[in-house]
Amino acid sequence: MSEVAILNPTTSRGVNTNTTPVAPLLDADRKPLTKKEVSADHPTWCPGCGDFAVLALYFKLIERRKLHHEKITTVAGIGCSSRFPYFVQAHGAHYIHGRALPFASGVSLSRPDLQVCVFGGDGDAFSIGGNHFTHTARKNVRLTYVVMDNSVYGLTKNQTSPTSPIGFKSKTDIWGSKDRPINPIKQAISAGATFVARTTATNPNHVLAMMEAAMDHDGFSFIQCLSECVEFYPGAFDAATPRKGGVFNEIPKEHDVTDEYASYKLADTEWPGLFGVFYKTQRATKNANEQSIIDDLQGKSAGLEPWQILKKNFDRMK
Amino acid sequence: MSTAASPQSSPKISKISEAVIRIAGNSQDGIQAIGGFLARLAGRSEQEVMTFMTIPSTISGGPSIFQVRIGSGEVLSAGDEADMLLAFYDHSYKAHLSSLKPGGIVIYDSDHMKAEDISVENLTKYRHVGVPISSLTVEAIGGTGRDKGKNVFSLGLLAKMFDLNVTKLTRLLTERFTGKDPKVAETALNAFNAGYNYQLATAPELFQFNPGENVGLSQVVMSGNEALAYGLIAAGVRFGAGYPITPWTDIMELLRRELPKYGGSFQQCEDEIASISMAIGASWGGRVAVTGSSGPGISLKTEALGWAVMAEMPLIVVDVQRGGPSTGMPTSIEQSDLNIACFGGHGDSPRVVIGTSSVEDCFYTAIEAVNIARKYSTPVVILTDQGIATRIEAFKEPDLQKIVQDISPDLTPVTDHKPYDLSAPDGITRHLAPGTRIASGKYPVVTGLEHDELGHPTGSSKLHVQMVAKRRNKLKKLASELPVPVVYGAAEGQILLVSWGSSQGPVQEAVKLARAAGHAVSAVHIKYVHPLPPGLENIFAGFRHVFVVELNDEGFAGIGQMGALIRTYIPDAKIRGITKTDGLTWKVKDIVDRALQMAK
């Protein structure tokens with residue numbers, strides 16, 4: 001066989017496309033999106049679920065940052081919170097359980113023009129997707145990851161999650177969980193995340209502030225957002241909710257966010273812990289590192305068409 | 001080796017049209033390098049060439065062979081029996097002498113084997129030439145007998161033996177070692193010259209190749225894995241992700257090295273699941289991406305592959321098959337991944353599978369796979385195997401200016417868009433890359449849940465029925481558009497041999513052999529494995545027996561994986577299997593013998 005029998009479709013969208021091109025709009029002519037414009041399906045969450053607040057604040061973030069529909073990419077894995085992309089009127093992907101981060105990394109690395117936001121739960125992030133969390137953090141892929149942590153498996157109706165505290169009674173630990181839970185903040189810092197923050201859905205202004213800071217960060221930004229499951233773990237975060245008699249303690253102003261060990265230690269503060277940015281540092285992103293390899297190699301073949309670059313290799317194999 | 005005697009002299013020089021040379025030693029002796037030089041030389045000398053190698057799965061140590069078949073005419077397989085064996089050790093001699101045809105020549109390293117130890121039986125059956133390869137190499141370039149250099153010395157010997165083009169060979173050697181310390185190139189040339197100038201007075205015969213048929217043809221020489229990787233680049237693929245596993249690894253290494261030149265990148269991931277996920281993410285980003293693996297790695301990828309089927313995402317998955325199941329026989333050849341490639345995963349998940357039959361075919365198959373993935377918005381699995389992955393062939397240089405494709409995403413804004421449009425005239429899903437503005441303000445979602453036309457989840461059984469049919473029918477449409485396979489040999493006869501993947505060459509050679517012996521044997525090759533191409537039933541009707549030749553187990557039903565697949569389309573008991581699982585490529589004679597036996 002020395003020819004291509006199946007030819008390249010004529011356009012990148014293939015044949016018979018049912019779409020009609022329209023003229024581009026100037027960014028200056030576009031208004032910020034309203035909540036109505038940016039919301040899609042009605043959320044499937046139970047009334048009172050903490051995730052509603054996170055969604056509403058994501059809309060607010062989009063409005064405040066004047067992001068347009070097409071530049072927003074919302075990616076999630078599997079879980080209650082992971083249904084997020086259906087509720088956002090933008091290009092979205094609802095991927096398989098635990099693998100939202102590598103999927104989103106593929107988007108971020110191949111499409112640097114897009115704002116990539118990943119949403120998910122504690123099981124998705126720290127149990128089935130634990131390996132990906134570590135490696136996406138250490139590679140410092142440019143994207144924002146918001147984990148809506150309810151410390152229980154909600155979609156499958158009440159099993160122990162990796163962040164369930166010792167003693168938590170679930171259908172898989174009817175006597176109370178005995179396994180030491182993961183501390184997501186410590187996990188993120190030790191994995192090499194360059195932006196690590198903690199917030200709670202009951203404090204909307206704080207959630208928005210953390211999201212804005214995360215979005216401004218050039219690198220892998222991680223937010224643990226406590227988000228109560230009213231169905232299977234009601235009252236889980238009352239200790240951090242002032243109107244339920246708890247305390248919302250922010251990270252002391254004098255904390256040096258670039259001090260890795262101090263941040264790690266701070267993350268061990270007794271329950272309900274502290275809120276705010278624990279750790280933030282600047283390190284070359286995976287995106288930037290790849291771009292510099294590309295720039296180096298492309299510099300050497302400047303002015304050549306792709307077929308000419310390939311021809312050079314083939315000439316060496318004669 | 002077909003010979004025609006030349007005027008008597010000592011040693012005599014015979015004209016030949018082809019030769020099979022097997023070089024046997026240990027994995028660190030650099031025998032792959034000699035094979036590579038011979039193959040490249042053949043490519044530059046307008047001859048056909050095919051190689052075959054085995055390597056141990058451990059890093060160092062262990063026996064290793066390289067077999068090269070050079071021909072002035074068409075070469076379809078690496079050859080059943082060798083005309084010449086070059087044995088570096090006693091163990092290489094013992095293990096590979098039986099691969100030599102009676103009367104063949106064995107050159108052995110007399111530093112590692114004594115002439116008096118050779119049995120009379122062997123001396124009468126084969127022609128022996130002892131050369132103190134190790135000590136002569138040390139004499140020529142210094143160092144110890146264990147150091148590198150024996151391989152290049154032996155290349156010199158072979159150059160003399162087969163009257164190879166020394167000018168071209170020395171140029172190849174110089175090119176190969178350029179960039180390193182100039183002394184290295186000098187040493188290599190010294191070793192080569194020592195071998196070439198060695199007095200082969202004891203050689204019973206010297207050879208000369210007839211001129212090649214590919215006169216004036218510019219050929220490139222590379223391995224199947226290289227051809228596949230370059231094919232992906234030519235197709236326009238600019239992103240990939242993978243995890244190291246033999247024998248897939250050199251594809252990822254090559255893409256990692258080359259893609260940045262084109263503005264792309266290849267990512268080494270933490271595991272197989274991450275790598276297919278990253279590739280799918282990049283495909284969603286607007287440009288078909290590639291992942292790949294071998295054996296167990298493919299198993300790990302199947303959940304994500306199912307997502308790509310459900311979301312109808314274009315994607316290329318390369319499966320360089322090896323012996324399985326589990327860790328299996330990592331450096332052996334098998335075609336036992338057909339089932340997982342076609343059916344791996346849960347649910348009804350139709351996808352496209354294409355096989356590769358030669359090094360050249362790897363290049364073009366990669367391009368076709370990308371085009372199918374884009375045209376039908378589907379994952380495509382390329383099934384290649386350990387044999388093709390590592391073997392080196394020369395093939396006609398492709399017209400790259402014509403072939404190289406641009407598949408950059410089109411982000412032109414549109415009025416409205418439904419990716420899973422059930423009323424699309426061709427029934428095929430179209431994705432718009434993120435970054436595309438949709439004026440209606442209704443944006444699509446891609447998902448693994450059953451969905452409506454916009455991609456939003458649905459529990460409607462009506463929609464599930466429609467979407468399942470949609471995913472199936474678009475590939476039935478592809479099947480109807482595939483080229484009808486061409487029969488090799490007569491269109492009617494006693495036996496039809498069916499090949500897929502790397503069985504093509506040996507099966508076609510088996511047809512030649514059988515027809516020369518007066519048997520009515522033909523062959524048909526199936527390149528597009530799943531869905532199957534049209535026209536097979538008509539082709540089969542011309543034959544009394546149909547034997548599907550493949551490197552896998554006959555299974556519970558007594559038929560191989562492709563045989564079983566064909567039987568689901570054409571339930572005819574005359575379709576039977578010729579299978580084997582010894583981890584080696586086909587011997588042409590075995591195929592013929594088994595086919596004739598079964599047809600009795």
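Strand β7 (residues 100–109) of chain B is mostly covered, with seven of its 10 residues buried, where buried denotes 20 or more other C-beta atoms, placed from the backbone, within 10 Å of the residue's own. Strands (E, at least two residues) and helices (H or I, at least four) are DSSP runs numbered from the N terminus. The structure is a predicted model, in which local features need pLDDT of at least 70 and side-chain atom pairs count only at pLDDT 80 or more, while totals for chains, interfaces and linings use all residues. Residues are numbered from 1 along each chain as its sequence is written, and chains are lettered from A in the order in which they are written.

β7(B) runs parallel to strand β6 (residues 82–87) of chain B, to which five bridges join it; pairing requires at least two DSSP bridges between two strands. B:A82 has B:L100 as its bridge partner. Together with helix α2 (residues 90–96) of chain B, β6(B) and β7(B) make a right-handed β-α-β unit; right-handed means that, with the strands pointing away from the viewer, the path from the first strand over the helix to the second runs clockwise. β7(B) also pairs in the parallel sense with strand β8 (residues 127–131) of chain B over five bridges, and B:D109 is partnered with B:V131. The crossover from β7(B) to β8(B) passes through helix α3 (residues 120–125) of chain B and is right-handed.

Between the chains, 68 residues of chain A are in contact with 83 residues of chain B, contact being C-beta atoms, placed from the backbone, within 7 Å. The largest share of the chain A side, eight residues, comes from α3(A).

How values were computed: Two residues are in contact if their C-beta atoms, placed from the backbone, lie within 7 Å. A residue is buried if 20 or more other C-beta atoms lie within 10 Å of its own, exposed if 12 or fewer, and partly exposed in between; C-beta atoms are placed from the backbone.
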